[in-house]
Amino acid sequence: MNVNGVHYRAIWLEGSTVCMIEQNLLPFEFKIYRAETLEDTCMAIKTMITRGAGSIGAAAAYGMYQAICMSDDKHLLDNLADAKKKIDSTRPTAVNLFYATDRVLKGASVSREFAISEAFAVADECAEAGRMIGVHGNTLIKDGFGIETHCNAGWLALVDYGSALAPIYAAQASGKKIFVYADETRPRNQGARLTAWELASAGVDHAIIPDNAGAHYMSLGKIDMVIVGADRIAANGDTANKIGTMEKAIAAKYYGIPFYVAAPLSTIDLGTPDGKHIRIEERDEDEVLKYSGLTQSGNMETFIMANPTSHAKNPAFDVTPAELITGIITEKGIVKPNEIKKLF
Ligand code: MRU
């Protein structure tokens with residue numbers, strides 16, 4: 001997507017350096033982080049310099065490429081198995097990470113060249129999947145629609161185009177007038193910061209709403225559909241996505257509003273039978289107890305915003321039961337949650 005007239009992906013390779021848009025600084029500063037080594041790439045995934053299932057998958061694949069570059073042929077499989085362990089330990093929930101490291105490791109059992117082409121393919125396929133999710137998802141959007149989305153499943157999260165935001169961009173490009181309600185205003189503000197920045201950059205009409213305002217706008221008839229992304233979709237259609245997603249789905253069901261999940265096939269994990277088997281990342285309590293932002297004098301600062309003697313719990317994701325999901329929008333078309341096996 002374009003930033004000030006220049007086309008960027010969220011993550012790309014220059015030689016063996018993995019370049020990523022530094023997402024922790026957005027929307028206040030647009031900066032590129034350059035991961036020179038596999039260790040840098042792992043740190044960037046862990047600290048969320050890059051985040052979002054597809055971009056994490058691309059980072060994992062490029063990290064494996066960095067390990068290939070450092071290895072001789074004789075020890076390639078062992079070295080890649082080690083690299084996979086390091087990468088797999090960075091974040092547990094988004095399956096794209098494991099999909100990517102598995103794919104490159106399997107590629108190495110064929111040849112070094114094939115492993116490299118697999119490492120490059122992960123990001124390219126994710127970008128193309130986002131484009132097609134846009135094409136399919138746009139068929140669901142009518143002129144004048146109000147659409148709610150939660151967290152950031154835009155191009156920053158999926159290399160290019162996005163998943164939840166791809167249909168929105170496609171609708172806008174096809175001349176439909178839409179209005180987006182963007183949330184995830186806590187704990188990390190990914191809707192308020194990243195989705196709002198993406199939508200503003202693309203000229204899409206939108207408002208940031210507090211996480212607890214979704215049901216209110218649904219009750220007023222302002223929301224015609226909800227589209228969210230996914231970090232892992234289990235074989236039965238249960239879907240892990242940013243904490244707070246399940247509440248939107250429950251409210252949407254109550255008000256009879258279609259609730260769609262948009263995701264590439266690489267986010268569907270047929271090896272996980274249902275949502276109970278998805279590991280939910282527990283993140284640092286400081287994300288709840290503190291708040292980071294720009295002061296009026298333009299400095300990034302962190303503030304304590306809770307009772308200093310209290311602790312917090314901070315699950316990063318929740319699992320929306322398949323029965324609350326109207327459909328899953330993929331690059332191969334839109335299916336009911338109980339039909340995802342047909343896509344493979
Ligand atoms: O806080 P984050 O950025 O780790 O949140 C995770 C996600 O990126 C979201 O759950 C997103 O909606 C799905 S990833 C395309």
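Two strands count as paired if DSSP finds at least two bridges between them, and strands themselves (E, at least two residues), like helices (H or I, at least four), are DSSP runs numbered from the N terminus. The model on display is predicted, so local features need pLDDT of at least 70 and side-chain atom pairs count only at pLDDT 80 or more, while totals for chains, interfaces and linings use all residues. Residues are numbered from 1 along each chain as its sequence is written, and side-chain values use heavy atoms, with hydrogens and water left out.

Begin by selecting Ile11, which stands opposite Met20 in S4; here S3 and strand S4 (residues 17-21) pair in the antiparallel sense over 4 bridges.

Then select helix H1 (residues 38-46) together with helix H2 (residues 53-69), which pack at an angle of about 165° with their axes 9 Å apart; axes are lines fitted to C-alpha atoms, for helices over the stretch in contact, and angles run from 0 to 180 degrees between N-to-C directions. H1 and H2 are therefore roughly antiparallel to each other (angles over 145 degrees count as such).

Finally, show the side chains where Leu38, Thr41 and Ile45 in H1 meet residues of H2 including Ile56, Ala59 and Gly63, contact meaning heavy atoms within 4.5 Å.

Definitions and conventions:
Angles under 35 degrees count as roughly parallel, over 145 as roughly antiparallel, 65 to 115 as roughly perpendicular and the rest as oblique.
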